[in-house]
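Here is a guided walk through part of a structure. Keep the sequence and the 3D view side by side as you read.

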Amino acid sequence: MPLVSTAIPNLLNGISQQPQTLRQITQGEEQINATSSVIDGLVRRPPTEHIAKIISSAVSGASVHIVNRDADDQYIVVISATTSSATIQIFSLDGTVTTCTTPDGVDYLFCANPAQDLEFLTVADYTFVVNKTKTVGMEVAVTNGNVTSKHQEFTDLPTTATVNDIYEIIGDNTNQFDNYYVKALSANTYEETVKPNIKYQLDATTMPHSLVLTSGSFAFRKNTWGERTVGDEDSAPNPSFVGRTVSNIFFYKNRLGLLSDEYVLFSQSANFFNFFPTSVTAVLDDAPIDVSVSHTKVSLLKHAIPFNESLTLFSDSTQFTIETGGILTPKTISIVPSTEFENDTTVAPVGAGNYLYFTTKRGDFTSVREYYVESDTVIVDASEVTSHVPKYIPKNVVKLASSSNEDVLFVLSATDRSKLYSYRWFWQGTTKMVSSWSEWQLDSGDSILDMTILENELFFVISRADGVHIEKVKLQYPIDTGLDFCVRVDRKVSLTGTYDAPTDTTTWTLPYAYSGAMKAIKSGSWSSRKGTDITITRPTTTTVAAVGNYSSAPVILGVPYTTSYKFSTQFVRENQGKQSVQSGRLQLRTMRLNYENTGFFKVLVTPEGRPTGSYDMTGQILNSTSTTVEDINIISGTFRFPIQSKNDRVTIQIQSDSHLPCNFQSAEWEGYYTIRSQRI
């Protein structure tokens with residue numbers, strides 16, 4: 001019975017739902033509140049930080065949008081609706097209420113489900129809002145005047161016309177443009193004009209509205225849209241969104257774009273509010289564009305995402321690419337089907353570097369695809385990055401958020417809004433070295449309304465029983481001031497307590513209500529025992545108390561969360577670790593975990609039919625000069641623990657609910673391996 005050992009080189013590739021024998025050696029069974037870092041290894045996820053409470057009651061079904069104009073102008077827009085009306089509230093990212101006037105009312109915002117029915121687009125000082133349930137119409141007003149006479153050629157017009165007389169040029173078969181109209185500006189000067197007695201104005205109450213930012217305050221109002229100023233209903237027809245609903249709004253090559261059914265429309269270049277041509281006698285390069293996609297399938301367009309120097313359009317089963325010869329003009333635009341992947345059109349795709357991510361419904365679950373262009377062949381493809389976790393992300397996904405700086409994608413599902421599904425990747429050349437899925441769990445009472453990543457910070461708008469809160473996660477793990485680590489507690493705040501001498505009690509008043517367990521940690525401002533936790537009580541849901549005087553310096557308070565990583569079943573492997581050996585018996589003896597800059601964790605070993613053994617790494621090492629009694633010890637080393645069980649009859653799990661960090665680089669097990677035959 002020889003003693004054998006195998007190294008697990010890293011723990012970076014998240015979880016896998018494949019059969020145990022087919023998994024990579026670097027994949028686990030479970031990864032909760034942990035993330036994969038090619039620098040630090042498997043680490044506890046960063047904590048959430050409380051910023052502000054912005055609404056004093058719980059909110060559901062609201063539409064939330066974060067306006068990111070620049071570093072100094074970032075706001076949160078919350079739009080909710082009742083059975084008969086809508087409300088709009090705006091806050092700065094620090095929670096300050098921002099003034100928002102509504103000179104044209106808020107009727108346009110009314111819909112059954114704002115979270116699904118409203119779309120947003122921020123362009124400079126304008127945040128366009130689209131209600132996808134509103135059918136666009138035309139105003140009933142018609143153009144003035146009458147046609148004085150008809151002429152075959154422009155040269156046939158009278159040289160002594162009366163000012164404002166309107167003439168129709170009917171042309172002949174040799175003319176490229178005919179049936180256009182001109183108006184006399186003087187006796188012998190004319191300009192192109194519109195046919196009399198036809199509708200010429202879009203109904204602004206049914207078109208997208210705008211939140212306009214001016215000097216730190218907003219005005220929600222209807223827009224002034226361009227009118228039909230030339231031609232008639234044939235030569236300058238209504239935009240294709242008239243009589244239809246608008247499904248999406250976007251910005252591309254200095255044009256405002258709208259999707260409506262199978263049509264994609266671009267405004268006049270540099271004139272975002274005009275969708276009518278300014279001339280019908282020539283096709284101008286800056287003219288509006290109104291085209292439809294051509295395909296054998298019904299293709300109702302839902303999303304438009306700038307990607308890889310082109311524009312990618314998404315219907316429910318087809319992706320189209322808008323190709324242009326440089327400048328986007330009515331003459332150069334071309335729409336071609338690029339791929340045929342089903343996708344969930346209720347979820348907006350997001351870009352991250354050279355990749356675009358979108359979701360696909362799969363029964364009760366959701367799959368995520370990574371859309372890309374192969375540079376050497378210019379072939380467009382979309383590989384499934386959830387192929388090894390097909391039953392991991394639940395259905396009803398409502399939001400994706402990505403960061404190319406951090407190589408991370410977050411997925412939020414309405415099935416459980418207290419959880420996020422995180423995907424981390426890392427490319428080395430053309431090889432993806434890391435492809436890691438994990439689960440982030442917030443408190444069970446949390447309901448994430450919206451999330452977005454600004455630079456290296458993930459912002460949340462969270463509804464709870466006591467109201468709506470803004471929180472953020474610093475994805476770069478900055479250490480807390482004066483400490484050597486980032487304190488791992490959610491809803492994190494720094495407060496200075498008030499000491500009451502008669503009762504010998506220090507009390508801290510929280511900026512939010514919470515009835516669950518909390519932790520209080522001495523901040524880096526303390527002169528001694530900084531980073532250690534304080535024994536506390538909870539007099540009320542908004543206060544934390546401790547016996548003794550702790551009012552001399554701020555204390556970090558927050559909600560503890562548990563990090564968990566469960567190893568896959570370990571096997572003897574061959575073919576450079578790629579293939580599991582199924583024959584023989586492997587009796588695991590011990591395992592070693594290599595860790596760095598770690599304060600506390602425990603390993604739970606549960607053999608089949610026997611009680612769980614718990615083995616703690618506390619950072620306290622006997623006879624070590626780095627260990628100081630009653631102080632925090634953040635150390636690096638190897639933790640060895642026993643297993644004493646057959647490989648497929650034991651569960652091995654790492655856990656930490658401490659406020660201290662833990663980072664794992666690799667692992668190694670040893671055991672007795674017996675096989676009846678000799679492998680060749």
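Which residue in β24 stands opposite F307? F307 faces S310 of that strand. A strand here is a DSSP run of E with at least two residues, numbered from the N terminus, as helices are (H or I, at least four residues).

This is a predicted model, in which local features need pLDDT of at least 70, side-chain atom pairs count only at pLDDT 80 or more, and totals for chains, interfaces and linings use all residues. Residues are numbered from 1 along each chain as its sequence is written, and side-chain values use heavy atoms, with hydrogens and water left out.

Now look at the strands around that pair. β23 and β24 (residues 310–314) pair in the antiparallel sense, over five bridges. Two strands count as paired if DSSP finds at least two bridges between them. The open sheet has four strands, in the order β23-β24-β25-β26, with antiparallel pairing. β23 (303–307) and β26 (334–339) stand at its edges; each has a single partner strand, so one side of each is left without a neighbour in the sheet. Neighbouring strands in this sheet are turned by 30° against each other on average, direction ignored. Such angles run from 0 to 180 degrees between N-to-C directions, and the axes are lines fitted to C-alpha atoms, for helices over the stretch in contact.

Four strands form it in the order β40-β41-β45-β44, and the pairing is antiparallel. Its edge strands are β40 (498–500) and β44 (537–540), each pairing on one side only. Neighbouring strands here are turned by 30° on average, direction ignored.

Inside that order, β41 (residues 505–509) pairs with β45 (residues 543–547) in the antiparallel sense, over five bridges. T509 stands opposite T543 in β45.
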